[in-house]
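Please open the structure in your viewer and keep the selection tool at hand.

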Amino acid sequence: MNTQLNRFATLIWLTLVMLTIGTFLIGEEVSAGKTVMLSVLVISLIKGQLIANYFMGLRYVGWLWRGVILGYFVIVGSMIAIAYLN
(Lines give C-alpha, C1' and ligand atoms only; values in the text may rest on other atoms or scores of the structure.)
Protein backbone atom coordinates (compact mmCIF):
# COMPACT_ATOMS: atom_id res chain seq x y z
CA MET A 1 0.00 0.00 0.00
CA ASN A 2 1.50 3.32 -0.95
CA THR A 3 2.04 6.24 1.38
CA GLN A 4 -0.45 8.56 -0.31
CA LEU A 5 -3.25 5.99 0.04
CA ASN A 6 -2.37 5.48 3.70
CA ARG A 7 -2.56 9.22 4.31
CA PHE A 8 -5.95 9.39 2.61
CA ALA A 9 -7.30 6.46 4.65
CA THR A 10 -5.96 8.09 7.81
CA LEU A 11 -7.66 11.36 6.86
CA ILE A 12 -10.97 9.55 6.34
CA TRP A 13 -10.51 7.74 9.66
CA LEU A 14 -9.79 11.01 11.47
CA THR A 15 -12.90 12.52 9.90
CA LEU A 16 -14.94 9.58 11.20
CA VAL A 17 -13.45 10.03 14.68
CA MET A 18 -14.24 13.77 14.66
CA LEU A 19 -17.81 13.11 13.52
CA THR A 20 -18.21 10.50 16.26
CA ILE A 21 -16.92 12.90 18.90
CA GLY A 22 -19.19 15.62 17.52
CA THR A 23 -22.17 13.29 17.70
CA PHE A 24 -21.32 12.38 21.28
CA LEU A 25 -20.95 16.04 22.29
CA ILE A 26 -24.23 16.97 20.63
CA GLY A 27 -25.95 14.15 22.48
CA GLU A 28 -24.42 15.07 25.83
CA GLU A 29 -24.49 18.86 25.74
CA VAL A 30 -27.64 19.75 23.89
CA SER A 31 -31.11 19.01 25.16
CA ALA A 32 -33.15 16.53 23.19
CA GLY A 33 -35.20 17.78 20.31
CA LYS A 34 -36.02 17.31 16.67
CA THR A 35 -33.09 19.37 15.45
CA VAL A 36 -30.63 17.39 17.54
CA MET A 37 -32.10 14.09 16.37
CA LEU A 38 -32.01 15.13 12.72
CA SER A 39 -28.45 16.44 12.99
CA VAL A 40 -27.29 13.18 14.58
CA LEU A 41 -29.05 11.22 11.82
CA VAL A 42 -27.41 13.31 9.11
CA ILE A 43 -23.99 12.84 10.72
CA SER A 44 -24.66 9.09 10.88
CA LEU A 45 -25.60 9.09 7.20
CA ILE A 46 -22.36 10.88 6.32
CA LYS A 47 -20.32 8.46 8.45
CA GLY A 48 -22.02 5.44 6.89
CA GLN A 49 -21.40 6.74 3.39
CA LEU A 50 -17.72 7.41 4.17
CA ILE A 51 -17.29 3.88 5.51
CA ALA A 52 -19.10 2.36 2.51
CA ASN A 53 -17.13 4.35 -0.03
CA TYR A 54 -13.64 4.22 1.41
CA PHE A 55 -13.38 1.22 3.73
CA MET A 56 -15.80 -1.17 1.98
CA GLY A 57 -14.42 -0.19 -1.42
CA LEU A 58 -17.75 0.84 -2.93
CA ARG A 59 -16.13 3.93 -4.38
CA TYR A 60 -14.87 1.80 -7.26
CA VAL A 61 -18.10 -0.05 -8.12
CA GLY A 62 -21.04 0.98 -10.24
CA TRP A 63 -23.81 3.32 -9.16
CA LEU A 64 -26.23 0.44 -8.59
CA TRP A 65 -24.37 -0.91 -5.54
CA ARG A 66 -23.61 2.54 -4.21
CA GLY A 67 -27.26 3.45 -4.64
CA VAL A 68 -28.35 0.33 -2.77
CA ILE A 69 -26.19 1.24 0.23
CA LEU A 70 -27.22 4.90 0.11
CA GLY A 71 -30.86 3.86 -0.16
CA TYR A 72 -30.43 1.59 2.85
CA PHE A 73 -29.00 4.46 4.91
CA VAL A 74 -31.77 6.84 3.83
CA ILE A 75 -34.57 4.33 4.47
CA VAL A 76 -33.27 3.31 7.91
CA GLY A 77 -32.64 6.94 8.85
CA SER A 78 -36.10 7.95 7.67
CA MET A 79 -37.71 5.14 9.67
CA ILE A 80 -35.84 6.24 12.80
CA ALA A 81 -36.89 9.86 12.21
CA ILE A 82 -40.53 8.87 11.69
CA ALA A 83 -40.49 6.71 14.82
CA TYR A 84 -38.96 9.56 16.83
CA LEU A 85 -41.33 12.22 15.54
CA ASN A 86 -44.50 10.20 16.18
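Leaving aside neighbours within four places in sequence, with which residues is threonine 23 in contact? Select threonine 23, which is found in helix 1. Threonine 23 is in contact with Val40 and Ile43 once those neighbours are set aside, where contact means heavy atoms within 4.5 Å. At 18% relative accessibility, threonine 23 counts as buried. Buried means under 20% relative accessible area, exposed means over 50%, and partly exposed lies in between, with a 1.4 Å probe and protein chains only.

Before the next selection, a note on the model is in order. This is a predicted model, in which local features need pLDDT of at least 70 and side-chain atom pairs count only at pLDDT 80 or more, while totals for chains, interfaces and linings use all residues. Residues are numbered from 1 along each chain as its sequence is written, and side-chain values use heavy atoms, with hydrogens and water left out.

**The whole chain**

Now display the entire protein chain as a cartoon. The protein chain has three helices and zero strands, and its elements run α-α-α from the N terminus on. The radius of gyration is 15 Å, well over the 12 Å that the globule rule gives for 86 residues, so the protein chain is more spread out than a compact globule. This radius is taken over C-alpha atoms, and the rule is 2.2 Å times the number of residues to the power 0.38. Along the principal axes, the C-alpha atoms fill a box of roughly 45 × 30 × 10 Å. Of the 86 residues, 20% count as buried. Helices (H or I, at least four residues) and strands (E, at least two) are DSSP runs, numbered from the N terminus.

**Helix 1 and helix 2**

Select residues 3-29, which form helix 1, and then residues 34-55, which form helix 2. The axes of helix 1 and helix 2 come within 10 Å and cross at roughly 165°. That makes helix 1 roughly antiparallel to helix 2. Axes are lines fitted to C-alpha atoms, for helices over the stretch in contact, and angles run from 0 to 180 degrees between N-to-C directions. Angles under 35 degrees count as roughly parallel, over 145 as roughly antiparallel, 65 to 115 as roughly perpendicular and the rest as oblique. To view the meeting of the two helices, show side chains: residues of helix 1 including Phe8, Trp13 and Leu16 meet residues of helix 2 including Val36, Ile43 and Tyr54.

Next, select threonine 15, which also lies in helix 1. At 26% relative accessibility, threonine 15 counts as partly exposed. Draw a distance from its C-alpha to that of valine 68: threonine 15 and valine 68 are 53 residues apart in sequence and 23 Å apart in space.

Finally, select asparagine 53 in helix 2. Is asparagine 53 buried or exposed? At 13% relative accessibility, asparagine 53 counts as buried. Not counting residues up to four places away in sequence, asparagine 53 touches Leu58, Arg59 and Arg66.
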